[in-house]
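Please find below some notes for a first look at this structure. They are set out as numbered points.

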There are 2 protein chains.
Amino acid sequence: MVIGIDVGGTNTSGGLASQDGTLIAKIRHQTDRTGGAAAGLELISEIISELMERASRDGVKVRQIGVGFGGPVDFERGVVLLSHHVAGWEGIPLRDELERRFQTPVVVDNDANAGTLGEWRFGAGRGFNDLLYINIGTGIGGGIISSGRLLRGAHNLAGEIGHTIVVRDGPLCTCGKRGCLESCACGDAIARRGSEALGRHVSGKDVFALALDQDPAAQRVLSEVIEDLAHGIGTAVSLLNPAAVIIGGGLSEAPQALFLEPLKRAIPRFCLNESAANLHVNAAQLRYEAGIMGAVALALSQPGLASRCQ
Amino acid sequence: MVIGIDVGGTNTSGGLASQDGTLIAKIRHQTDRTGGAAAGLELISEIISELMERASRDGVKVRQIGVGFGGPVDFERGVVLLSHHVAGWEGIPLRDELERRFQTPVVVDNDANAGTLGEWRFGAGRGFNDLLYINIGTGIGGGIISSGRLLRGAHNLAGEIGHTIVVRDGPLCTCGKRGCLESCACGDAIARRGSEALGRHVSGKDVFALALDQDPAAQRVLSEVIEDLAHGIGTAVSLLNPAAVIIGGGLSEAPQALFLEPLKRAIPRFCLNESAANLHVNAAQLRYEAGIMGAVALALSQPGLASRCQ
């Protein structure tokens, strides 16, 4: 058995799972944003304690704990660099702290990497040795599997497709640059572009609903957003030559005819024909359990670590 | 000892080298473009025969032959898919044919991958486990080393940074798309942009010479080209988080103040600050021997293959 913990801005969740990804127990609590890192660490510990008690009642041993964290992580050292949502996480040695408390090997990574491992092991990415995962929601994150391994890069920062620039001198992004894919095509960007086009305040969901009702301005906004996404994804496809692109996050749940289908059609216009030829573009499958299952996959991805705490 | 063969559009070259990359012998012949694949195969065989005779005179055994080919290759099967320069190569099983003729294990890959392995093993990329190699010359090619392995992708097409789109609806590229990095920033593109800006026909070299002489139009063209290159490279840096970017090909030999230095300064404007923070951007080192040394590195990269022919 392993435990997977997903530390997000809204919820902190945990699951107890077997090797094949069957969830035996699941816990979800609201993240205490005002309590800072200290409250966050206590909540994580509380969830792990509960799941460990459950495992112990069932007579099974927890061999590994995986934590998918909403922010950059120094993977080698297991140290959080920053939370995207909660203050005070900078430099917290989350791995060592949890290993000390629970005497169980822990692996900590950012949630985009965890989500990539989750879809690869348990979701729409099963069977693909080379894939690109992109999560389109409040922000845009991603991860890369190459020859059956997560591509981390030199400082565990690889996969940042949301911050590849698709419109030079485009909208200002949270990262400080202009025209990043995230600033053009995340949920907030769709709301902003929709509001501008329609001359009134609308949400991202409104834009989809209006486009479904054949509103021409909303349809134009969506087609421009899809063009930007296809550009960012197509660039990654030319660079990486993946067998599959897996699209996750809130936007992947929009009506397929409105989003995934036109996106599939647009991607080949932005990458080498040879790389587009055999490319699968599929919606992610794990949906509400993506966070927990990503952390479970993360725990299962590092069996060698088990020796460190024994 | 290994043999490395570089099959280019202008020359076909070969070298006999030791494990540490010391070249013992070198042969260069003009590629017979009109003779098609048959003449090309004979020329390759002739060069290998000469180098094998040399090895035999020295009393050493050739354990592996690496071939860097100027065009896409089915790496798994050792089959040429297309030559960028010579007709008739489609589907030629170059690996098996050479193994049959020389009873020595052969590995065949495209010259961009070979060049990447060469700079990584023997050139400016030594010591970097994660690097991006980009070759800017007549065309723009590239390759990726990730966690100490060449990233091939699903169909050995990874690394095609020259065909990532940096200017939507930009100049027509040889690949059929518009605005690829290659169509904006290769040698021919610089000549084209220079000719347009100056109102007369100039070569890429002329543009550099004029910029060195403070011609404002040539300087503007170069700075726009560098901006496009920085965009393409910055995007790859955000996706891959390499420790180093190695710039090879003809353009890397331009005066540094005119090219490499401004490019180094521009890249961080097109990628995540965190990924730019510790990034090395260096000129390639192998220069005229890049092709042969790439093929030598390719031969050395696959020691396991030795068993197939024994």
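1. In this predicted model, 35 residues of chain A are in contact with 36 residues of chain B; contact means that the C-beta atoms of two residues, placed from the backbone, lie within 7 Å. Helix 7 (216-240) and helix 9 (273-277) of chain A each give at least two residues to the side of chain A that touches chain B. The largest share of that side, 7 residues, is from helix 7 of chain A. Helices (H or I, at least four residues) and strands (E, at least two) are DSSP runs, numbered from the N terminus.

2. By class, the side of chain A that touches chain B holds 14 nonpolar, 16 polar and 5 charged residues. Ala, Val, Leu, Ile, Met, Phe, Trp, Tyr, Cys and Pro count as nonpolar, Asp, Glu, Lys and Arg as charged, and the others, Gly among them, as polar.

3. On conventions: residues are numbered from 1 along each chain as its sequence is written, while chains are lettered from A and ligands numbered from 1 in the order in which they are written. Local features need pLDDT of at least 70 and side-chain atom pairs count only at pLDDT 80 or more, whereas totals for chains, interfaces and linings use all residues.

4. Chain A is assigned domain 1 (2-114 + 289-309) and domain 2 (128-285), with bounds from an automatic or database domain assignment. Their centres, taken over C-alpha atoms, are 28 Å apart. The contact involves 7 residues from domain 1 of chain A and 11 residues from domain 2 of chain A. On the domain 1 side, strand 5 (73-74) and helix 3 (111-122) of chain A are the elements that give two or more residues.

5. In helix 6 (residues 204-212) of chain B, the residues B:G204, B:V207, B:F208, B:L210 and B:A211 are buried, that is, 20 or more other C-beta atoms lie within 10 Å of their own, C-beta atoms being placed from the backbone. They are on the same side of helix 6 of chain B because they cover an arc of only 165° around the axis, the arc being that of the directions from the helix axis to the C-beta atoms. These buried residues pack against helix 5 (187-198) and helix 7 (216-240) of chain B. Just after helix 6 of chain B, B:Q214 has a positive phi of about 70°.

6. Among the contacts of B:V245, not counting residues up to four places away in sequence, are B:L132, B:I134 and B:I233.

Terms used: Buried ≥ 20, exposed ≤ 12 C-beta atoms within 10 Å, placed from the backbone.
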